[in-house]
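Visitor: I would like to learn how to read helix packing and contacts in a model. Where do we begin?

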Amino acid sequence: MNKKVFPFLGTISGLALTLVASTTHAAYDLNLKAPVTEIATQIYDLHMLIVWVCLAIFVVVFAVMFYSLYKHRKSVGHKAAQFHEHHTLEIIWTIIPALILIVMAVPATKTIFAMKDTSEADMSVKVTGYQWKWEYDYLDKNVKFISNLSTTQDQINNKSEKGENYLLEVDNPMVVPVGKKVRVILTASDVIHAWWVPAFGVKQDAIPGFIKEAWFKADKEGTYRGQCAELCGKAHGYMPIVVEVVSEEKYNTWLAAKAEEAAAGAAGADKEWTKDDLVANGKAVYEKNCAVCHQASGAGLPPAFPAITGGKVTTGPLEGHLDIILNGKNIMPAWKALLNDVEIASVIAYERNALGNSVGDIIQPSAVKAARK
Amino acid sequence: MSTTTAAHHDDHGHESHGHPTGLMRWVKSTNHKDIGTMYLWFSFAMFMFAGALAMGIRAELFQPGLQFVQPDVFNQLTTLHGLIMIFGAIMPAFVGFANWQVPLMIGAPDMAFPRLNNMSFWLLIPAAILLLASFFVPGGAASGGWTMYPPLSVQGGMSVDMSIFALHILGVSSIVGSINIITTIFNMRAPGMTLMKMPMFVWTWLITAYLLIAAMPVLAGALTMLITDRHFGTTFFNAAGGGDPVLFQHVFWFFGHPEVYIMILPAFGILSTIIPTFARKPLFGYASMVYATAAIAVLSFVVWAHHMFTTGMPVAGQLFFMYSTMLISVPTGVKVFNWLATMWKGSMTFETPMLFSVAVVFLFTIGGLTGLVCAILPVDIQLQDTYYVVAHFHYVLFSGAAMSIMGGVYYWLPKWTGHMYDEKLGKWHFWTTTIAFNVTFFPMHFTGLAGMPRRIPDYSQQFAEFNMISSVGAFALGISQLLFLYVVIKCIRGGTKATNQVWEGAHGLEWTVASPAPFHTFETPPQVK
């Protein structure tokens, strides 16, 4: 018997060792991400408590079962007893689990109250989910930007080497100061998304038409990554969240730089642009914002996402084209909230005069500005 | 053809009834055994199809990057895998068991409404056609997840409408079937079989049938609101018109959580039948088992919002749903303890049905405990919509429901076919299924904890190793089911002649009739002491 069992145990422990050894290398992560907020730490501890309790229950219960499977077999000549009731036993195994549940419920309840307390925040950021990007709006600071996946299509399509933060990297990360209570106000423009940063212990659905709240206070500087956690359509897997927690100083510098950037963008709206400049500028805007649905080639994905090349709108009257981009239609979002005047004028120029189209006309950013009113 | 049908008549000696033969035997059937057989085959076909979709999912997830399918197709695969497995495979399989076994176990000649019974089966066919055909309409199959949350599902193409109609039809089928089962159980039990003498499988189905009647109309309501939002300008789920997307989730999960128990209670019934047989010992705590089943059924209606912990409910709501969900583990625990006490001091043998049952007790408990982990709201904040949840519900639905169904098939197959199945191959099927299942789904606990969201076609490289292991397990799990098909067909075609009793420790009316069970049984009711 022993001869049979030991090699088996050896294999198991060997496997376990390999597994433990390889956890130093991030690839075999077995547990929740290292927490950097008070709430995430509480969640981590709560999870460990419950896992150990459950494991203990499991081991005890199934030790009994395997003992029985081994001893009470017909092949070893065990004769079946005929009992089929035992009231004391039945009462005990109803009450004991109930008591264990109370032990688990108490700390969980405390954490729930703490999670829900968004009062006395140091700052508020409004986060809006779009198909398939996040918008961050620093309330009262005049800083507002879109955060897109920055992993290249070539990496996704296995045409180039995948980077270290494959699918978990963005062009514009959210930046917050360390040790400050940040209130996150969540909503969405189209479908339900969920804003999730594991290291913060925050996951909150962003629901179109409703405002939901969450908060975090990161205790450690660093870059923390998360993903959308509610199925939101085709590119659900491609809208990561990156939060950089930095010192107060760095945060202020960043804030000033962002505000300057926005001002520069707005200034461009008043100057006269040439067609070539707009088309050249439009390529980047298109590829960042439009290509995910209408494809980089402009072929679209009909019927949901019409083609740009030879499209009814993109080769039709300029006003109609502008209207759809500003105000959206069906799944198409209203871009007036997301892009500035130069960007809108550029992308219109690009869509009409590139991607196989050559309508020839353009619209000036100043006209876009006027059309917003 | 004519000779086989003639031979068939001779077998059963029921020419006087003049039941149809050939294809019409099945199309027009009002016989509970034939209808049960059709349900089981339908369910198996759907199981294989939805399993093939899962193979597509696992092939894409074998490595990071996009290899086989584009993200929109990937979403179609996950959506239809879920819908077809739940509504096409698991639920009809249990109805198949109910059809075959309930009349045999309570000593009734047939179901109470044989023609309705025929209808509830044949309604499955148009529903299945709608679901399968939806892959070929413009835009492809529904891709908003089996839960079909708006506004995403409002964006979808006509395949969403097809899925909604399919679910409406399946709902009608389930309600009709449930009314039939309830009526049969209440009115057609053999003299002397009081409610508290009914076999546990019959009890679990009685309670399941009530759950179905209560839950399916709620689903129909949610889906109807969805379709009017899509096409008729209503705004139930659109904030711009005064609606609320989360309302759908509340209504959906008010159906959805009882649905979970609809898929597991009959499995509990099967376990409670098989374990006493092979332990050669009566079921421990019959009465508490009945009460636990009823308690689970009642509780299942007050826990729904634990699927929605991240929607941002008020604290009071979150606490209520956390506590009520945790409470469910008490009656569920009672069941597990009762099964262990049934095995305790028995005289056990381990034929394939028993192997499946022991494995189900073990693996279902893992699923139950991870369910408790998910019930703890702060922890669920980290786990909701991750692979941890995928692992959890496959431990309850595959190793809970589907493996109970497999155990049940092996258990009653000799009674249905008159032949013993190939025990050696049955055991092979058991071991390959159990091992492959765990290789597939156990690592998902880790990928979920480490932060991999579900329903994504591509993932960051930290999850690559475990995903590869899961995919290898999944392919093995898929192939193992071909062995199941082979064993069943082999058993139908021949094998050792089964006795009436079949299993040494089997008790109950179904074992008093011949094997295979004659076309008509219990035309005069047996007397139960």
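Guide: This is a predicted model. Two packed helices are described by the angle between their axes and the distance between the axes. In chain B, take helix α15 (residues 352-375) and helix α18 (residues 423-450): their axes cross at roughly 10° and come within 10 Å.

Visitor: Is α15(B) roughly parallel or antiparallel to α18(B)?

Guide: Roughly parallel, because angles under 35 degrees count as such.

Visitor: Which residues of α15(B) and α18(B) meet?

Guide: α15(B) brings Thr352(B), Leu355(B), Phe356(B), Ala359(B) and Thr370(B). Facing them in α18(B) are Glu423(B), Gly426(B), Lys427(B), Phe430(B), Thr434(B) and His445(B). By class, this contact has five polar, four nonpolar and two charged residues.

Visitor: At what angle do α9(B) and α11(B) pack?

Guide: The angle between α9(B) and helix α11 (residues 265-279) of chain B is about 175°, and the axes are 7 Å apart. The two helices are therefore roughly antiparallel, the term used for angles over 145 degrees.

Visitor: Which residues make the contact between α9(B) and α11(B)?

Guide: From α9(B) come Met200(B), Phe201(B), Trp203(B), Thr204(B), Trp205(B), Ile207(B) and Thr208(B). From α11(B) come Leu265(B), Pro266(B), Phe268(B), Gly269(B), Ile270(B), Ser272(B) and Thr273(B). Nine residues of this contact are nonpolar and five are polar, with no charged residue.

Visitor: Now the domains. How is chain B divided?

Guide: Into domain 1 (36-234) and domain 2 (264-519). Taken over C-alpha atoms, the centres of these two domains of chain B are 18 Å apart. Their contact takes 39 residues from domain 1 of chain B and 42 residues from domain 2 of chain B.

Visitor: Which helices supply the side of domain 1 of chain B that touches domain 2 of chain B?

Guide: α3 (32-60), α4 (71-106) and α9 (200-231) of chain B each supply at least two residues. The largest share, 12 residues, is that of α4(B). On this side of domain 1 of chain B, 27 residues are nonpolar, 10 polar and two charged.

Visitor: And between chains, how many residues of chain B are in contact with chain A?

Guide: The size of an interface is often given as the accessible area lost when the parts come together. Here the description is by residues: 79 of chain B are in contact with 81 of chain A. On the side of chain B, helix α14 (residues 329-343) gives the most, with seven residues. That side of chain B has 46 nonpolar, 25 polar and eight charged residues.

Note on methods
Residues numbered from 1 in each chain as written. Chains lettered and ligands numbered in written order. Predicted model: local features only at pLDDT ≥ 70, side-chain atom pairs only at ≥ 80, totals over all residues. Domains from an automatic or database assignment. Contact = placed C-beta atoms within 7 Å. Helix = DSSP H or I, 4+ residues; strand = E, 2+ residues; numbered from the N terminus. Nonpolar A, V, L, I, M, F, W, Y, C, P; charged D, E, K, R; others polar. Axes fitted to C-alpha atoms, helices over the stretch in contact; angles between N-to-C directions. Parallel < 35°, antiparallel > 145°, perpendicular 65-115°, else oblique.
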